[in-house]
Amino acid sequence: MNRWILAVTATFIFAGLARAGAKDDLMKTWEKGAKALAAAQMADGAWSFDGKNGDVAATGLAVAALAGGPADLRKAQDGAIAKGCDYLLKNQAADGKIPHD
């Protein structure tokens, strides 16, 4: 399975567990997954399923995964979250839809 997809999936799972009061080792695991996910972000703020072309769906998933993490750890990802949101807004159509090919 693609490492990026694993990072997104793990980040969502661990974010939920961490918010539920999980132990320190789980928090460290979430932080590691979030760092890997942020490192996969492209220069324009997008994430990509194929590693080449920015994708609004991939970007939306990544932003949701990072933004859904524990607040004290999420602060380290604020820059990546903001860049991802900017990418999504730049790709928003006049009618408010965010098209996906």
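Predicted model: local features only at pLDDT ≥ 70, side-chain atom pairs only at ≥ 80, totals over all residues.

Student: How many helices and strands does the protein chain have, and what counts as one?

Tutor: The protein chain has five helices and zero strands. Helices (H or I, at least four residues) and strands (E, at least two) are DSSP runs, numbered from the N terminus. Read from the N terminus, the order is α-α-α-α-α.

Student: What makes H2 roughly antiparallel to H3?

Tutor: Two packed helices are described by the angle between their axes and the distance between the axes. Here helix H2 (residues 24-39) and helix H3 (residues 56-67) pack at about 150°, with axes 10 Å apart. Axes are lines fitted to C-alpha atoms, for helices over the stretch in contact, and angles run from 0 to 180 degrees between N-to-C directions. Angles under 35 degrees count as roughly parallel, over 145 as roughly antiparallel, 65 to 115 as roughly perpendicular and the rest as oblique. The angle is about 150°, so H2 is roughly antiparallel to H3.

Student: Which residues make that contact?

Tutor: Trp 30, Ala 34 and Leu 37 of H2 and Ala 62, Ala 65 and Leu 66 of H3 make it, where contact means heavy atoms within 4.5 Å. By class there are six nonpolar, no polar and no charged residues. Ala, Val, Leu, Ile, Met, Phe, Trp, Tyr, Cys and Pro count as nonpolar, Asp, Glu, Lys and Arg as charged, and the others, Gly among them, as polar.

Student: Why is H3 called roughly antiparallel to H5?

Tutor: H3 and helix H5 (residues 78-90) pack at about 150°, their axes 9 Å apart. With that angle, H3 is therefore roughly antiparallel to H5. On the H3 side, the residues include Val 56, Thr 59 and Gly 60, and on the H5 side they include Ala 80, Ile 81 and Gly 84. This contact has nine nonpolar, three polar and no charged residues.

Student: Why is Ala 64 called partly exposed?

Tutor: Ala 64 lies in helix H3. Buried means under 20% relative accessible area, exposed over 50%, partly exposed in between (1.4 Å probe, protein chains only). Ala 64 has 36%, so it is partly exposed. Across the 101 residues of the protein chain, 35% count as buried.

Student: Which residues does Ala 38 touch, leaving aside its neighbours within four places in sequence?

Tutor: Ala 38, in helix H2, is in contact with Trp 47, Gln 77 and Ala 80. Ala 38 and Val 63 are 25 residues apart in sequence and 9.3 Å apart in space, C-alpha to C-alpha.

Notes:
Residues numbered from 1 in each chain as written. Heavy atoms only, no water.
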